[in-house]
Amino acid sequence: LKQLLGDVTWGELDYLIIDLPPGTGDIHITLATQFPLSAVLMVTTPQQVAIADTRKSLAMFRMPAVNTPILGIIENMSYFTPVELPENRYYIFGKGGGQALADEFEIPLLATLPLYQSLAEDADSGIPGALHEEANIREAFLGMAEAVARQISILNGYAETEKIRTSVI
């Protein structure tokens, strides 16, 4: 991580998003204490064990020694919806965990992303959700991107220092 962030000539970036595994381990601490993070974006599933891990991460980023702004929460795999029955939702991992966590930490829940079998298949082929052929899937991911961009704009409006250029997921 240090080599990737320190030795690569990134050029002019709009955003640099780093996807980290769940938790508050060495990678998270190193990133938060040794690199200038502008903000973090927390991703969780509605399961209680995932909510517990995300809660620890949120608390770590709010510690005075770290003190990194939090853009909000995205709840992934919020529900399963068969493509052929888009009005049906099955909450196979629980329901409302991301919203409860957002309420607890007084930050926005930016998106609840559904679980679709075709989404996983497309991802394995390199096709992102925002380009999916199904409108419901595409709209969910585009809505998430818009919500994240909106939060960055809001933080930029209040920032007293350099504008938000990087985010961590």
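View 1. H28 belongs to helix α2, helices (H or I, at least four residues) and strands (E, at least two) being DSSP runs numbered from the N terminus. With a relative accessible area of 5%, H28 is buried; buried means under 20% relative accessible area, exposed over 50%, and partly exposed in between (1.4 Å probe, protein chains only). Apart from neighbours within four places in sequence, the residues in contact with H28 are L20, P21, P22, G23 and M60, where contact means heavy atoms within 4.5 Å. This is a predicted model, in which local features need pLDDT of at least 70 and side-chain atom pairs count only at pLDDT 80 or more, while totals for chains, interfaces and linings use all residues. Residues are numbered from 1 along each chain as its sequence is written, and side-chain values use heavy atoms, with hydrogens and water left out.

**View 2. V43 in strand β2.** V43 is a residue of strand β2 (residues 40-44). Its relative accessible area of 37% makes V43 partly exposed. The C-alpha atoms of V43 and P21 are 9.9 Å apart in space, and the two residues are 22 apart in sequence.

View 3. A nonpolar core is a set of buried Ala, Val, Leu, Ile, Met, Phe, Trp, Tyr and Cys residues joined through side-chain atoms within 4.5 Å. The largest such core has 21 residues, and L31, M42, L58, F61, I70 and I73 have the most contacts inside it. At least two residues of this core are supplied by each of α2 (26-34), β2, α3 (48-62), β3 and α4. Helix α3 contributes the largest share, four residues. Beyond its neighbours within four places in sequence, I70 is in contact with V40, M42, L58, F61, R62 and I107. A second, separate core of 16 residues includes L71, F141, V148 and I152. In soluble globular proteins, nonpolar side chains tend to be buried together.

**View 4. The salt bridge between E104 and R55.** One salt bridge is found in a search of the whole structure; the term denotes a side-chain nitrogen of Lys or Arg within 4 Å of a carboxyl oxygen of Asp or Glu. The side chains involved are those of E104 and R55, with an N to O distance of 3.0 Å. This pair links distant parts of the chain, since E104 lies in helix α4 and R55 in helix α3, 49 residues apart. E104 is partly exposed at 44% relative accessibility, and R55 is partly exposed with a relative accessible area of 32%.

View 5. The whole structure holds two aromatic pairs; rings of Phe, Tyr and Trp (its six-membered ring) pair if their centres lie within 6.5 Å, and planes under 30 degrees apart count as stacked, over 60 as edge-to-face and the rest as tilted. The ring centres of F80 and Y90 are 6.5 Å apart and the planes stand at 35 degrees, so this pair is tilted. Both residues lie in the loop between β3 (70-75) and α4 (97-105), so the pair ties together parts that are ten residues apart in sequence. F80 is partly exposed, at a relative accessible area of 29%, as is Y90 at 39% relative accessibility. K95 lies over the face of Y91, at 4.6 Å from the ring centre; a charge sits over a ring if NZ of Lys or CZ of Arg is within 6 Å of the ring centre and within 35 degrees of the ring normal.
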